[in-house]
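Some notes on the model follow, for use alongside the coordinates.

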Amino acid sequence: MSAAPVVQQLSREMGISTATALLDRIPPHPVDPVLSPLFRRGGLPRGELVTVTGELSLSCALATIAAATREQKWCAGIGLGEPAVSSIADLGVDLDHFVNLATPGEDWLRVASILIESFDIILVDPGFAPSAKERARLLAKIRERRMSLISLRPLSGSTEQIEITDAHWSGAERGRGRLRSCLVRARSQTGTHRFLLPGPTGTPAEVPSEVPAGTLEVLTGGGRSGVPDIPADDTTAEGIAASNTPAREAAGQTEPTPEPSTSTPAASDEDAVAESQDPQDPRWATITHLRQVIGHVG
């Protein structure tokens, strides 16, 4: 027999509500607007355990608690090692309301149980997986205190799971420069999301519209432009010419129409092959264009 009708009946009774309904009435901790879509209620849930895993999980978790610290909510880090203080500040965290404890991995659960009594958010990198009994006690205290616990490793009992599935840094061009931002792809219960972490200013930022998904970022003339990927099996000159045409038209460049050859017989085998080509053949146009570019560079 399904329990759904019974739950619905109880929720309609005066003074009786389900645990989920009670938690839904608690407003979540605010997060950066860029990270808000990662969460089902638009913010870091209170009274619940959340996991953030994958590459850049620590940066994502710190960026998640940043808005709460600026609202004078107290946050603590357990087992995070010694992250750079300046980097934490760059992510938007108010250092006056953030405490990082150098805790041995085997003591994380005991320390977390103590800090739950007085901190609004705890960020932990667990040194071990707690037993079912220990986990039940921990979750009960989290719900009772209506605080938030973020784990950088998978833990049973988490209500929301955020996984960083891909990260791509940009800024170091042709072996020089500095890293400016990182394009992150994350997956949660609300779907797959793309954002910059850090963005150009250090805090999370939206992905620029000029770099849409599914494009290849290349260097052209010292700048960046997005051009479609060339299919792996389309390596012929026709495929290359077709994929390059939109980029050349966008830059205001046109293909010169080659003049029919009226010169004397070719002086080399390369020229003999070139003269045998049809001037209207797109492959011949591509070869002509490449020769002009190589000659100009030389």
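1. Exposed here stands for a relative accessible area over 50%, and buried for one under 20%. In this predicted model, the face of helix α5 that points away from its buried side carries two exposed residues, R110 and I114.

2. The buried residues of α5 are W108, L109, V111, A112 and L115. Viewed down the helix axis, they fall within an arc of 165°, so they line one face of α5. An α-helix has 3.6 residues a turn, so residues three or four places apart point the same way. The cover over the buried residues of α5 includes the strands β2, β3 (98-101) and β4, together with helix α6.

3. How many aromatic pairs does a search of the whole structure find? The search returns 2. In one of them, W74 and F119, the ring centres are 6.4 Å apart and the planes stand at 90°, so the pair is edge-to-face, since planes over 60 degrees apart are classed that way. W74 sits in the loop between α3 (57-70) and β2 (75-78), and F119 in the loop between α5 (108-115) and β4 (121-124), so the pair ties together parts 45 residues apart in sequence. W74 is partly exposed, at 37% relative accessibility, while F119, at 15%, counts as buried.

4. W108 and F128 also form an aromatic pair, a tilted one, with 5.8 Å from centre to centre and 55° between the planes. This pair links distant parts of the chain, 20 residues apart: W108 belongs to helix α5, and F128 to the loop between β4 and α6 (132-145). W108 is buried, with a relative accessible area of 1%. F128 is partly exposed, with a value of 31%.

5. P208 is located in the loop between β8 (191-196) and β9 (215-220). Its relative accessibility is 33%, so P208 counts as partly exposed. Between P208 and F195 the C-alpha to C-alpha distance is 9.0 Å, with 13 residues separating them in sequence.

6. On confidence, the protein chain has a mean pLDDT of 76, and 62% of its residues reach 70 or more. Residues 212-255 stay under 50 in pLDDT, and the model has 38 contacts for them beyond four places in sequence. Over residues 260-274 the pLDDT is also below 50, and that stretch has 9 contacts beyond near neighbours in sequence.

Notes
Residues numbered from 1 in each chain as written. Predicted model: local features only at pLDDT ≥ 70, side-chain atom pairs only at ≥ 80, totals over all residues. Heavy atoms only, no water. Phe/Tyr/Trp six-rings, centres within 6.5 Å; stacked < 30°, edge-to-face > 60°. Helix = DSSP H or I, 4+ residues; strand = E, 2+ residues; numbered from the N terminus. Buried < 20%, exposed > 50% of the residue type's maximum accessible area, 1.4 Å probe, protein only. pLDDT = per-residue confidence, 0-100. Contact = heavy atoms within 4.5 Å. Arc of directions from axis to C-beta.
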